Amino acid sequence: MNWADTPEQAAFREEVRAFVRDRFPRAYAPDPEAEQSLEPEDVWGYNWPVDRLCDDPARRDGARAWAAALAGRGWIAPHWPAEYGGAGLSVLEEFILQEEMMRARVPTVNGIGAFLLGPTLLEHGTDEQRAAHLPPIARGEVTWAQGFSEPGAGSDLASLRTRAVREGDEATGTYTVDGQKVWTSLGQYADWLFVLVRTDPGASPPHRGITFLLVDAASPGVTIRPITDLRGAAPFCEIFFEGVRVPAANRVGEENRGWYVAMTALSFERAGIGATVKYEQALSELVGYLRSDEGRGFLRDDTRAALRQEIARRHTEIRVQYNLARYTVSRQAAGAVPGYEASVNQLFGAELHQRLASTGASAFGRNAQLWQRRDAPLGAVFTHMSRDSVASTFLGGAAEIQRDVIATRGLNLPRSR
Ligand SMILES: Cc1cc2nc3c(=O)[nH]c(=O)nc-3n(C[C@H](O)[C@H](O)[C@H](O)COP(=O)(O)OP(=O)(O)OC[C@H]3O[C@@H](n4cnc5c(N)ncnc54)[C@H](O)[C@@H]3O)c2cc1C
């Protein structure tokens, strides 16, 4: 496969590099000790919604200035049409934009709104919903969170129980919402939530009784409690709804057809180029360190050969991951909707994240236990990655579910009964 840029793509890549060099606010340094991201770096822009509201004026102003710079080019939501604040980029241009931002180690902005909700509203929303909600996302002024999972509904999402009862007619009525969501990434920093609710408790199959609603997070009856993870960070939360009133005008798609709207949102998970670049950077830092005078001290004669083999394997796997990402994007560019290929990509990337963390940690022996970045070799990047990557095989759909999709939809193996 030849992934070389065309002359137009090479020119666009240069344009992105120059933009980042000239416009990224120098004062906007992420705080490594206040890391929210679950990726080796901030691929999905986990830190930005936190930075934009934080007390440190340098970080807060930096986050806002960076959002304003990106918004000026339509690059917060690069793939949206210009009329809603996007840049109308092709999937390949968007891939290059993300790749270059990751290579330059600058955060992406407003990922959940721009990459999950935006395309969903473009496909299923009304003109009013698009006009009201898309431009503020593209300007980086309003952030969103995704409220799908519940304590009893993760892999089996269709069994969700958060209830919404409508009074009045389908167009002008109001829903009253009661129930609980969990693991809502960045929900405590979000202005708005897109949630799945049950509107028909007797529906069979159950996914036919689900509706997709847009909920103002400041509505009376919404209670948000951050959840602290094993790293001591709180990248997600649980959300309680008690008698929350939501206008029917905030329903996306038809009542009881929200499952199909949600599937659109989930299909917009990106090709994973950001994570690949970050894995590449982490591995090359490890190699550079182990070749340095300081790093050589960690190499033991009895483990050196095994470590070398392991690093070579990770290098090869990162190349495979890059090719998978390019393949997915080239399929999208040709008009195909990634099906089981997205599961191959997601599963391989998630398990690679865990293997890479373990390779890096094993290089440092007992020192891999050091959590404080300033005391540890390589700023404890692999120690943190070991904790961060635990969630990788869950957060975008559990590994077993991805394998099921590959087996049944990719390989046409029979479903078990
Ligand atoms: C960091 C993080 C961020 C998240 N962010 C969000 C968010 O923003 N919004 C949101 O809505 N959700 C979010 N989630 C939730 C995520 O979507 C769920 O964790 C995921 O869908 C798995 O569901 P579960 O946790 O309930 O596990 P379960 O579905 O209970 O699975 C538990 C175990 O059982 C296995 N299992 C389940 N069903 C099967 C089966 N049919 N066959 C074989 N094995 C099976 C699973 O593979 C897994 O090992 C997030 C999760 C994490 C970890």
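Predicted model: local features only at pLDDT ≥ 70, side-chain atom pairs only at ≥ 80, totals over all residues.
Local features are given where pLDDT is at least 70, side-chain atom pairs count only at pLDDT 80 or more, and totals for chains, interfaces and linings use all residues. Residues are numbered from 1 along each chain as its sequence is written.

**Domains and ligand shell**

The domain assignment, whose bounds come from an automatic or database source, divides the chain into domain 1 (7–138), domain 2 (144–257) and domain 3 (271–410). The centres of domain 2 and domain 3, taken over C-alpha atoms, are separated by 33 Å, and each of these two domains contributes at least three residues to the shell around the ligand. That shell holds 20 residues, of which Phe148, Gly154, Ser155, Ser185 and Ala398 come nearest; a residue is near a molecule or strand if its C-beta atom, placed from the backbone, lies within 6 Å of it. At least two shell residues come from each of strand 1 (144–147), strand 3, helix 13 (392–395) and helix 14 (399–410), where helices (H or I, at least four residues) and strands (E, at least two) are DSSP runs numbered from the N terminus. Helix 14 gives the most, with 4 residues. By residue class the shell comprises 10 nonpolar, 8 polar and 2 charged residues, with Ala, Val, Leu, Ile, Met, Phe, Trp, Tyr, Cys and Pro counted as nonpolar, Asp, Glu, Lys and Arg as charged, and the others, Gly among them, as polar.

**Helix 11 against helix 12**

Helix 11 (residues 340–363) packs on helix 12 (residues 381–388) at an angle of about 145°, and their axes lie 8 Å apart; the axes are lines fitted to C-alpha atoms, for helices over the stretch in contact, and angles run from 0 to 180 degrees between N-to-C directions. On the helix 11 side, Leu356, Ala357, Ser358, Gly360 and Ala361 meet Val381, Phe382, Thr383, Met385 and Ser386 of helix 12, a contact requiring that the C-beta atoms, placed from the backbone, lie within 7 Å. The residues of this contact divide into 6 nonpolar, 4 polar and no charged.

**Backbone details**

Ser204 and Pro205 are joined by a cis peptide bond with omega of about -5°, and Pro205 belongs to the loop between strand 4 (192–198) and strand 5 (210–216). Positive phi values occur at two residues that are not glycines: Trp183, at about 65°, lies in strand 3 (residues 174–185), while Asn256, at about 70°, sits in the loop between strand 8 (251–252) and helix 7 (258–267).

**Burial and contacts of single residues**

A residue is called buried if 20 or more other C-beta atoms lie within 10 Å of its own, exposed if 12 or fewer, and partly exposed in between, with C-beta atoms placed from the backbone.

| Residue | Other C-beta atoms within 10 Å | Class |
|---|---|---|
| Trp183 | 21 | buried |
| Asn256 | 15 | partly exposed |
| Gly243 | 10 | exposed |
| Glu99 | 19 | partly exposed |

Gly243, in strand 7 (residues 236–247), is in contact with Thr176, Asp178 and Gly221 once neighbours within four places in sequence are left aside. The C-alpha atoms of Gly243 and Gly221 are 5.9 Å apart, although 22 residues separate them along the chain. Glu99, in helix 4 (residues 91–103), touches Ile273 and Val277, not counting residues up to four places away in sequence; the C-alpha atoms of Glu99 and Val277, 178 residues apart along the chain, are separated by 6.9 Å.

Technical notes: Contact = placed C-beta atoms within 7 Å.
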